[in-house]
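Here's a quick briefing to read with the model open.

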Amino acid sequence: MNISILLIAVFTAMSASIVGVFLVLRKMSMMTDAISHTVLLGIVLAYMLVHDLNSPLLILGATIMGVITVYLIELIVKSKRTSEDAATGVVFPLLFSIAVIIISLRFRDVHLDVDAVLLGNLEFTVFDQLVIFGTEVGPKALYIMLGVLILNLLFFIIFYKELKIVSFDAALAMVLGISPVIIHYALMFLVSLTAVSAFNAVGAILVIALMVGPAMTALLYTKNLFSTVLNAIIIGILNSVVGYLFALYFDVVISGSIATVTLVVFLLVFLFNPKNGVLFTIYRRSRQKNEFKLLVLLMHIYNHQDGGEILLVDGVYKAIDWNYNYYRKYINLAIEKEYIEIDSNLLKITNKGTTLIESMLSRSV
Amino acid sequence: MPSFIADNYTIIIITLGTMLLGLVNGVLGVFMTLKKQALVGDALSHATLPGVVLAFIFTQSKSMIVLLLGAAISAVAAMFILELIKRQSKIKYDAGLALILSAFFGFGQILLLVVQTSGSAASAGLNNFIFGQAATMLISDIEFIAIISLVVLFVIILLWKEFKLFIFNNEFYQSLGYSNRITTIIFNTLIVIVVTISIRTVGVILMSALLIAPAVAARQLSKKLVYNTLLAGLFGLVSGASGAIISSQVTNLATGPVIVVILCTIVLIALLFAPKRGVINKFIIDKIHQIQIRKYHNLIHAYQENGLLESSEDISGLLEKGYIEEKSNSYYLTDVGNKKVESIIGERK
Amino acid sequence: MEAIRIRDLTVSYDLKPVLWDIDLDIPKGVLMAIVGPNGAGKSTLIKAILNLVKPVTGKVLFNNQPYKKVQKQISYVPQRGSVDWDFPTTVFDVVLMGRYGHIGWLKRPTNKDKELATEALEKVGMLDFIDRQIAELSGGQQQRVFLARSLVQDADIYLLDEPFQGVDIKTEKAIITILKELKEAGKTVVVVHHDLDTVREYFDYVTLLNLKVIASGKVSEVFTKDNLKITYQANTLIKGVD
């Protein structure tokens, strides 16, 4: 168990969660897919300028390329000639392909490992240490991710109000003097920066899960923006810790493990969350169905109070098209609950039943 | 065998294969894009990784059929989760796509590194998965791809009008008596099939371009679904072929990226220069239109004011061209003049 | 025999009722409006009639027969907003789609189908636009195309969901003229309508709906201020309370 590796994973997850929430809310999740692929071109172009693999310019170039990607996609969408998802699906493969072609043709020998960019290598981050005054103080990646995390946190805290308004009501934002465009591109810049910095740890493809997963999970049970971000961060931490431990125990790759755990956690909450998890909903439905069917039956009787014959005990089920036994079960239930009574073979609604129906009516409209 | 074919055997095989894939992806992509499921191909292609590796783990075989089956099962599982998520409208569908894409791929990455104990072999495997493995296609692979592609195309043609209405106006489609459920299952199955046969050749990253780019380009050029589809298929076919040929001529150049660049160039040309719709064409037409309006603004004004020309710098010029005539000391629009104005601003409604 | 006979129809979304125990008779050969506030269940009623949503209880019968048997005789005109009009297809194509029900799985449209489509386009005054891309149409033109698509089905019952929403006056008049002609020809036409001001002018029958049927019948008889008050005021649905 290596604390620095764990911390890198946790910081990465936290940074990703913060920006991820806004991406998900604004239906820009696939933008992360696009950005995380096109940054390769940014790295390549920056490298062509400085010829130094360790230059921070590479990170800058990659980040800017990410922002350019967003800009290009939106440019195409604004021209109204195609939909947003289609524009995304064209722009990022193009930029990525250009990067790959340049690498193949010009930089075969350079150790610009596409794999490393796409898949990351958390385990190796310890080998690239930050050296201050001759002592190794920890992996560079650790400090980079910490820096990104602080940056994202600051952005979130300082611009919380603006982010909130811009995310939910861009028009209102403009009226209030907040430029949605600036906030938008600032956010995209951070998304890009986070993605690029995270390559070390988890690589391009898995950063997507880190950004989107915890946000999706949190949104299953909370609507409040602040609460969503907070929960997303916590879930992000959870996912990375569990993923890391899992990877340690089963001796598998850490990044893939974290991504998998992210999905699993989401599915668990999706199915089992007491508020609206799928399984709970099914369970609650079947219980409520009883009450509901009873209500439907009562409603029918209530409505047809003044038409004598059609409330024959043995006739009503045909009218509402229910199976006879099924119908009998509810009749008995209704009698038991004193909502109806049988009077010379006719069903009659009681006062108790009438009160129930009328309270239902005034509530449901 | 003629020596030409023998010498270039590999290239010809690869070209044939990528051509067919380009064709079938282009055609299906039109429908997927219209159905707003453009990026599903991207998500599904990433999601096939675990299935492929698991298939290998269980069968220890690298035969195309086995791996394809694994890929298909994995893709179906992903699709299933996606449909589940879609039904809960609270969760955004695109977020689901992104998560599935990434997590399934991550899981696949775990499996792959379990299988290949040495780092470089695993890396090579992943590399091939990501970028495609066109270079190692065999004639049997082509035959397989060809048969499947034909079947898919056949189904699309057969169910043409059904898919068209199904996507255009789903409620109306159902009201005519068609089953939404069955149609959806057939459609999704086609997607899974096409994605799985394409993965090995073009790789994961480029899957979405192969499906979407031809459709985007075709849409700029045609207003009928039939032509859209034919064009998209054509673009895919041509890009596939030329991509394969070009990349074979240059050492160390993978096929996939070249195909994508060619495709996207076509898209760019279509976006800019499509007759009427193209950005540049529209710009030029608009400019000409503006110039015309400015040049003949007096005529236009006259048209709107019962034909009486109020004043103009170029009376003689207008007279010469027959747009106006003199009547009792004033100038009026002629029929020719009327037609001229209408050609600029459209007919009076 | 009523064209449409609805009994005890309850439809709910997520256990929240949208239609509560609806009894409704729609006689043959009428031109009926369905009015009510937003969210009152009007569209849902149409969809329930068409079997597009599954009811909790109740039945819908057409001349005493279940939906499946008479599907071909019912034509549905959905809301314009339910379609993405950027779809690459022409006006003619859309109208032709109305024949798909008659054509069936796998088969192709015949010349007869195409003739019917052309005739329908002429009827709604859109023949000049026959080859136009639907993305270029105005709201009113789109609605006419939808109507033409409906006409080619040559149905007995027509169900239209908000056909006058967002269309110009000329189109509105054209549509209502055609609907009146359909009625004269003995067809049954049911229209979800949002503009109370035109009910008297356009329709002979009306149903006031808000979760339940408040009133249904001849416009001259049931389209009263009192009934409207009950329909549009949320909490006065309770029997006997005014």
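Domain bounds here come from an automatic or database domain assignment. On that basis, chain B splits into domain 1 (2-277) and domain 2 (282-347). This is a predicted model, where local features need pLDDT of at least 70, side-chain atom pairs count only at pLDDT 80 or more, and totals for chains, interfaces and linings use all residues. Residues are numbered from 1 along each chain as its sequence is written, chains are lettered from A and ligands numbered from 1 in the order in which they are written, and side-chain values use heavy atoms, leaving out hydrogens and water.

**Chain B domains**
- The centres of domain 1 and domain 2 of chain B, taken over C-alpha atoms, are 55 Å apart.

**Where chain B meets chain A**
- Counting contact as heavy atoms within 4.5 Å, 58 residues of chain B touch 54 residues of chain A.
- Together, chain B and chain A bury about 4700 Å², with 74% of that on carbon and sulfur atoms; buried area is the accessible area (1.4 Å probe) that two parts lose on being put together, summed over both.
- Between chain B and chain A there are zero salt bridges (a side-chain nitrogen of Lys or Arg within 4 Å of a carboxyl oxygen of Asp or Glu).
- The largest share of chain B's side, 17 residues, comes from H5(B); helices are DSSP runs of H or I with at least four residues, strands are runs of E with at least two, and both are numbered from the N terminus.

**The sheet in chain C**
- Six strands form an open sheet with mixed pairing, in the order E5-E6-E7-E3-E8-E9 (chain C); two strands pair if DSSP finds at least two bridges between them.
- Strands E5 (74-77) and E9 (212-218) of chain C sit at the edges with a single partner strand each, so one side of each has no neighbour in the sheet.
- Strand E3 (residues 31-35) and strand E7 (residues 188-192) of chain C run parallel over four bridges, and Ile34(C) has Val192(C) as its bridge partner in E7(C).

**The hairpin in chain A**
- Strands E1 (residues 129-132) and E2 (residues 135-139) of chain A pair in the antiparallel sense over four bridges, with Gln129(A) opposite Pro139(A) in E2(A).
- Two residues lie between these strands, and Phe133(A) in this hairpin takes a positive phi near 50 degrees.
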